[in-house]
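Here is a short report for a reader new to this structure. It takes up a sheet, a helix and some charged pairs in turn.

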Amino acid sequence: MAWPWHKKRIEAYQNIAYRTGWIFEEKPENTSLHASLKHFKLFKLGSKKSIKFILTSKTNNGDPAKVFEYDYVISTGKSSAQIIQHVCCIWARPEVGLPIFALKPQNALHTIGKWFGIQDIEFNNFDQFNKNYIVKAPNPEGVKEFITNDILGFLSYEKGWIIESDGKC
């Protein structure tokens, strides 16, 4: 059975692809995309995982980029919920020098954890960002050089973003 909302989503993504010059795929042709991302925390969550509505292009530097929907199911035994995440992946060339890091919203447990020495990279002059997010990395200085003031300013007031880098993506 085809759901009306599903058809509208496909048409919306096709329209985005047409307007931007990106390539649209409803579903990946093979499992290599999911396999290349499985080491990220997001792709380890839940069950019934799927990637769909994939937009593919290249950055201004020629690095491959994909934007897609990733959904999975979280089950508690008595109930379950489908979670849909919009994901952007950029596979940077080695000379770009992406740092390895994880940035995610901060919660009360992180605040308590800081009292016991949990790592959190703080950014000078961005108190709201420091309050909203926790940043972990093996090389804090590399992350501070990579994350620009524009990004810090944006994330200071846009809550809920999760950004991970393995140094390649």
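F101 has S165 in β7 as its bridge partner. This is a predicted model. Strand β5 covers residues 100-105, and four bridges join β5 to β7. The two strands run antiparallel.

The open sheet here has three strands, in the order β6-β5-β7, and the pairing is antiparallel. β6 (133-136) and β7 (163-166) stand at the edges. Each has a single partner strand, so one side of each lacks a neighbour in the sheet. From one strand to the next, the twist averages 15°.

## Helix α6 and its buried face

Helix α6 spans residues 149-157. Its buried residues are L152, L155 and S156. Seen down the axis of α6, the buried residues fall within an arc of 110°, so they line one face of the helix. An α-helix has 3.6 residues a turn, so residues three or four places apart point the same way. D150 and Y157 are exposed on the other side of α6.

What do the buried residues of α6 pack against? They pack against β5, β6 and β7, and also against α4.

Helix α4 holds residues 127-132, and N130 is in it. N130 has a relative accessible area of 9%. Buried means under 20%, so N130 counts as buried. The side chain of N130 reaches the backbone oxygen of F123 at 2.8 Å.

## Salt bridges

How many salt bridges does the structure hold? There are three.

| Pair | N to O distance |
|---|---|
| R9 and E69 | 2.0 Å |
| K52 and D71 | 3.1 Å |
| D63 and R93 | 2.7 Å |

Take the salt bridge of R9 with E69. R9 lies in helix α1 (residues 4-20) and E69 in strand β3 (residues 64-75), so the pair ties together parts 60 residues apart in sequence. R9 is partly exposed, at 26% relative accessibility. E69 is buried, at 1%.

Next come K52 and D71, whose side chains meet in a salt bridge. K52 is in strand β2 (residues 47-58) and D71 in strand β3, 19 residues apart. K52 is buried at 17% relative accessibility. D71 is buried too, with a relative accessible area of 4%.

The side chains of D63 and R93 also meet in a salt bridge. D63 sits in the loop between β2 and β3, whereas R93 sits in the loop between β4 (80-90) and β5. The pair is 30 residues apart. D63 is buried, with a relative accessible area of 4%. R93 is partly exposed, with 32%.

Notes: Residues are numbered from 1 along each chain as its sequence is written. This is a predicted model: local features need pLDDT of at least 70, side-chain atom pairs count only at pLDDT 80 or more; totals for chains, interfaces and linings use all residues. Side-chain values use heavy atoms; hydrogens and water are left out. Buried means under 20% relative accessible area, exposed over 50%, partly exposed in between (1.4 Å probe, protein chains only). A polar contact is a pair of N or O atoms within 3.5 Å; within protein, one must be able to donate a hydrogen and the other to accept it, and residues adjacent in sequence count only if both atoms are side-chain atoms. Two strands pair if DSSP finds at least two bridges between them. Axes are lines fitted to C-alpha atoms, for helices over the stretch in contact, and angles run from 0 to 180 degrees between N-to-C directions. The arc is that of the directions from the helix axis to the C-beta atoms. Contact means heavy atoms within 4.5 Å. A salt bridge is a side-chain nitrogen of Lys or Arg within 4 Å of a carboxyl oxygen of Asp or Glu.
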